[in-house]
Amino acid sequence: MKTNVKSSSGQSCYICSRKQKIFAWIALIGIFLCGMMTGVSLWGYKHAHTADSGVYNVKMLPCEMREKALLANLSQDIDDTWPDAANFHKRNADIYDNLVRAGCDENKEKYKELRDAEFSVYDVLRHNGEYLRAVQGQPCQVIESTLLGYINDCPESNCHLHNAEIYSKLVEDGCPENQQKYAKKALDELQIAEGVRVEENDVNKNEMRSTVNTYKKLQMQNEAKKYIKKVEKLVDPGVDFIMELQRVIEE
């Protein structure tokens with residue numbers, strides 16, 4: 001049965017005995033300790049998830065994630081004496097090319113230099129391999145391997161005319177089974193040279209001479225004559241030069 005004890009002032013006293021006071025203090029200390037432990041736990045959780053905690057400090061940009069994924073595919077320590085070393089360098093060059101497009105802006109120049117370096121090594125090894133395979137075969141294969149090394153990749157019309165002459169030379173001196181292929185390439189280069197020229201009459205005597213020589217090697221004298229009539233109307237190179245071109249066809 002619960003009884004209230006009145007104090008000397010006449011008010012009720014709920015915690016008056018010594019035993020009750022001890023239990024009350026124990027309860028207050030327990031509540032304080034629980035609160036403190038809860039606060040420490042919450043502070044620890046918050047601290048563990050801050051940027052300074054080290055656990056969640058790794059925040060990579062999307063471009064950095066792409067770079068990391070692509071760089072993991074690079075071939076390391078390539079021995080250029082391997083039979084397929086050129087392919088490894090080509091693969092690395094392609095990866096660096098992807099990094100130029102998909103990587104972070106501040107790294108693009110670096111990846112461009114690495115890409116160009118890998119392409120250069122690939123090109124050298126590829127041509128060396130083709131030459132060695134050709135030397136072991138027929139003489140016409142040696143000629144083809146050598147001449148193909150002079151084919152250029154450039155946008156100017158005179159460069160495409162140069163390529164056309166090389167292909168026409170391959171028609172003359174390359175392997176018979178490849179003549180048709182090289183003849184088509186020569187004509188394609190002539191067509192490209194005409195197409196990339198800004199002004200139709202922007203043609204010089206060297207380009208005229210190169211075009212006529214190409215048609216001659218391809219044994220297309222009629223096409224050469226048509227070309228001479230065309231440029232004669234466009235630029236009027238002079239009678240002497242036209243006669244020179246005609247002699248080239250007739251030789």
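Author: Start with one residue. This is a predicted model. Y167 has a relative accessible area of 9%, so Y167 is buried. Y182 is buried too, at 4%.

Reader: How are two aromatic rings described?

Author: By the distance of the centres and the angle of the planes. Take W82 and F88. Their ring centres are 5.6 Å apart and their planes stand at 65°, so this pair is edge-to-face. W82 is partly exposed, at 36% relative accessibility. F88 is partly exposed as well, with 27%.

Reader: Are the rings of Y167 and Y182 stacked or edge-to-face?

Author: Stacked. The centres of Y167 and Y182 lie 6.2 Å apart, and the angle between the planes is 20°. Stacking needs planes under 30 degrees apart.

Reader: Which helices hold Y167 and Y182?

Author: Y167 sits in helix α6 (residues 157–173), and Y182 in helix α7 (residues 179–196). The pair therefore ties together parts that are 15 residues apart in sequence. The count of aromatic pairs is three.

Reader: And how are two packed helices described?

Author: By the angle between their axes and the distance between the axes. Look at helix α9 (residues 221–235) and helix α10 (residues 239–250). Their axes come within 10 Å and cross at roughly 175°. Angles over 145 degrees count as roughly antiparallel, so α9 is roughly antiparallel to α10.

Reader: Which residues of α9 and α10 meet?

Author: Q221, A224, K225, I228 and E232 come from α9. From α10 come I242, L245, Q246 and I249. By type, the contact has five nonpolar, two polar and two charged residues.

Terms used
Residues numbered from 1 in each chain as written. Predicted model: local features only at pLDDT ≥ 70, side-chain atom pairs only at ≥ 80, totals over all residues. Heavy atoms only, no water. Phe/Tyr/Trp six-rings, centres within 6.5 Å; stacked < 30°, edge-to-face > 60°. Buried < 20%, exposed > 50% of the residue type's maximum accessible area, 1.4 Å probe, protein only. Helix = DSSP H or I, 4+ residues; strand = E, 2+ residues; numbered from the N terminus. Axes fitted to C-alpha atoms, helices over the stretch in contact; angles between N-to-C directions. Parallel < 35°, antiparallel > 145°, perpendicular 65-115°, else oblique. Contact = heavy atoms within 4.5 Å. Nonpolar A, V, L, I, M, F, W, Y, C, P; charged D, E, K, R; others polar.
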